[in-house]
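Here is a short report on a ligand site and the pockets of a protein. Please look over the structure first.

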Amino acid sequence: MKSPLIVALDLPSAERAHELVGQIGDLVGAFKIGKELFVRAGPDLVRRIRDGGAPVFLDLKFHDIPNTVARAVAAAVQLGVRMLTVHASGGRAMLEAAENAARETAAQLKTEPPLVLGVTVLTSLDSDALAGIGMTANVARQVERLALLCVQAGLRGLVCSPLEVAALRQILPPDIQLVTPGIRDAGAPRDDQQRTLTAREAMAAGANWLVIGRPVYAAPDPRRATESILASL
Ligand code: C5P
């Protein structure tokens, strides 16, 4: 692994995103493009970052009927993204369709398939919120259930909270890639993240990749901030 850091480009414009990619591209494993930046700057931005040599993690959290998700995944593979997300609650057929579309499209293009990552339970949902949408399991049980569903459907990775990594490592095959946001230095501002671990703690618990946003892009010197997180590992 070149670098386990994935830096979230939660920035309002393609120009700001490019500036950051230029500053730290050689230090990070991938850049994450989410809904805001994708809706603003679209596939062109993905291509420009990818053509500059940096892998792209497309975090659009697909959740739809299997055929629609498969087509969206195929389009993402054609764009050259290295990681993408789907909601595990879309069900087994949808997850299988996503993984198959990734593999088949990559085979047609003679490239490696991207990592299709399952999102289990959004960290913004608690047990009450789950009950409100008709799910009676507590959050931890629901996370485990959906994580196992992702594995059964053939996915090779998951996004999870840093506080779920250790428990998931107990029940998942060891080659499943775990990607975790919610990373903060001890003593650093938590922003809106309630439950955080340091980068070192999350890696020790069994994470493969760390998604980091504000501690890098909002730092006075993003390159120094990135180097300091890498040194802490
Ligand atoms: O700025 P910060 O480091 O908190 O950014 C974390 C990134 O990970 C953001 O892009 C956020 O949307 C994403 N994320 C998260 N918590 C989740 C899932 C995704 O913070 N449960």
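## Second largest pocket

By class, the second largest pocket is lined by 10 nonpolar, 1 polar and 4 charged residues. Here Ala, Val, Leu, Ile, Met, Phe, Trp, Tyr, Cys and Pro count as nonpolar, Asp, Glu, Lys and Arg as charged, and the others, Gly among them, as polar. The pocket holds about 240 Å³ of space. Of its 15 lining residues, Asp185, Ala188, Arg214, Pro215 and Ala225 are the closest to its centre.

Two elements give two or more residues to this lining: α9 and α10 (222–232). The largest share, 3 residues, comes from α10. Helices (H or I, at least four residues) and strands (E, at least two) are DSSP runs, numbered from the N terminus.

## Basis of the model

This is a predicted model, in which local features need pLDDT of at least 70, side-chain atom pairs count only at pLDDT 80 or more, and totals for chains, interfaces and linings use all residues. Residues are numbered from 1 along each chain as its sequence is written, and side-chain values use heavy atoms, with hydrogens and water left out.

A pocket is found on a 1 Å grid over the protein atoms alone: an open set of points where a 1.4 Å probe fits, with protein on both sides within 12 Å along at least five of seven lines. Lining residues have an atom within 4 Å of a point. Points are joined across faces, edges and corners, and a volume is the space filled by probe spheres set on them.

## Largest pocket

The largest pocket contains about 1,100 Å³ of space. It has 42 lining residues; Lys61, Thr123, Pro181, Gly182 and Gln193 are the closest to its centre. The lining takes at least two residues from each of α2 (35–51), β3 (56–62), β8 and α9. Its classes are 20 nonpolar, 10 polar and 12 charged.

## Ligand site

The ligand takes up the space of the largest pocket (more than half of its atoms lie within 2 Å of the grid points). β8 (209–212) and α9 (214–217) each give two or more residues to its shell. Residues around the ligand (a heavy atom within 4 Å) include Ala8, Asp10, Lys32, Thr123, Arg184 and Arg214. The shell has 5 nonpolar, 3 polar and 4 charged residues.

Polar contacts are pairs of N or O atoms within 3.5 Å. A polar side-chain atom of Lys32 lies 3.0 Å from a ligand oxygen. A polar side-chain atom of Thr123 lies 2.7 Å from a ligand nitrogen.

Definitions and conventions:
Polar contact = N/O pair within 3.5 Å; in protein donor to acceptor, adjacent residues only side chain to side chain.
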